[in-house]
Amino acid sequence: MEIQLWREILDPYALAVDELVVKFSHIIEEYRNVSAYSPIELVTGRVKTISSILEKSQKKNIPLDNIEEEIDDIAGIRIICQFVEDIYKVVDIIRQRSDMIIKREQNYIEDRKKSGYRSYHLTVYYDVETLKGTRRLQVEIQIRTLAMNFWATIEHSLQYKYKQNMPEHIRERLTSAAEAILILDREMSVVRDEIMDAQNSFTIKANIVADILTNIQNLYKVANKQDVIKIQDEFFRIYQIGDREELEKFSKDLDLISQRYRAQSLR
Ligand code: 0O2
């Protein structure tokens, strides 16, 4: 096939990859903007090289006229997460979107490959707008943890180096490394709960502080200025200690004080 024809075929896939990388990166932004933990750590994308497409079509006996239908990873997105739980969260996020229609799901985490490969694969239909109109393309989204990605990247390079002839001792090493990665992901899942607790605690504390500040601001309108300054100093003292329970107690006491002042001002 002529190079120009390949360009015409691959161009819309490049657009799909660019758009999807922006969209998934924006999800990270949305989480960060509300100080929440993002299930997506990193997003990358690539269009399969011509030689890799030809190699796959030869291996799978796919006629060149059918490559777009039968090779579903011409456009590939890779989403890297910190924890296994995040992968399922990302799958849910994708399921709920209207701009990606899931065609196929392959859960190589539950059902890992003989090689030891683990990852969650989604093949989705995604529309791009071109000069010739709307094109519905297939895109493969691979979702995996940092640890799974580390293993897969190394294994992929070794596969490339040795083709079908990977020495047995290297294959064995890779299998035991895959086992170690599995254990690492499980260990990290335990830490994830701790991180979630810390994040929740952070959000709760931020909300208490916001309530206190609103109350103090309102007190300036109805209470004696010297009294409010004393309350404010006490707040700064407790805030510096950083104890959430103390802050909670202070906030409740302040609610009562505010109610009393409000009642007085209504008399
Ligand atoms: P690339 O672009 O070089 O990574 P199927 O349609 O299921 O019959 P297919 O299309 O090969 O067969 O799908 P599969 O098996 O889900 O693999 C798709 C991609 O997953 C591969 O792309 C790899 O990126 C990744 N993958 C699958 N198995 C392995 C594995 O054992 N080790 C590693 N490192 N990656 C794997 P390609 O086609 O290899 O191309």
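Which residues line the second largest pocket? In this predicted model, the lining consists of L5, E8, I9, D11, P12, E68, T130, L131, K132 and R135. Helix α1, which covers residues 3–33, gives the most to this lining, with five residues. By class, the second largest pocket is lined by four nonpolar residues, one polar residue and five charged residues. The space in the second largest pocket comes to about 230 Å³.

The largest pocket holds about 1,700 Å³ of space. Its lining is made up of 41 residues, and those closest to the centre of the pocket are K48, K56, K59, H156 and Q159. Several elements take part in the lining of the largest pocket: β1 (42–47), α2 (50–59), β2 (75–81), β3, β5 and α5 each supply at least two residues. Of these elements, α5 provides the largest share, seven residues. Sorted by class, the lining of the largest pocket has 18 charged, 15 polar and eight nonpolar residues.

The largest pocket is also where the ligand sits. Around the ligand there are 18 residues, and R46, K60, K113, S115 and E155 come nearest. The shell around the ligand draws at least two residues from each of β3 (101–107), β5 (133–145) and α5 (146–162). Helix α5 again deserves attention here, with four residues of the shell, the largest share.

Some of the contacts can be followed atom by atom. The side chain of E155, one of the residues that come nearest to the ligand, has an N or O atom 2.7 Å from a nitrogen atom of the ligand. Q159 is among the residues closest to the centre of the largest pocket, and an N or O atom in the side chain of Q159 is 3.4 Å from a nitrogen atom of the ligand. How much of the ligand does the protein bury? Taken alone, the ligand exposes 730 Å², and the protein buries 76% of that area.

The residues that line the largest cavity are G116, R118, M148, W151, A178 and I181. Two helices, α5 and α6 (168–222), each supply at least two residues of this lining. By class, the lining of the largest cavity has four nonpolar residues, one polar residue and one charged residue.

Terms used. Residues numbered from 1 in each chain as written. Predicted model: local features only at pLDDT ≥ 70, side-chain atom pairs only at ≥ 80, totals over all residues. Heavy atoms only, no water. Near = heavy atom within 4 Å. Polar contact = N/O pair within 3.5 Å; in protein donor to acceptor, adjacent residues only side chain to side chain. Areas by Shrake-Rupley, 256 points an atom, 1.4 Å probe, with all protein chains shown as cover. 1 Å grid on protein atoms, 1.4 Å probe; cavity = no way out; pocket = protein on both sides within 12 Å on 5 of 7 lines; lining within 4 Å. Sits in = over half its atoms within 2 Å of the grid points. Points joined across faces, edges and corners; volume = space filled by probe spheres on them. Nonpolar A, V, L, I, M, F, W, Y, C, P; charged D, E, K, R; others polar.
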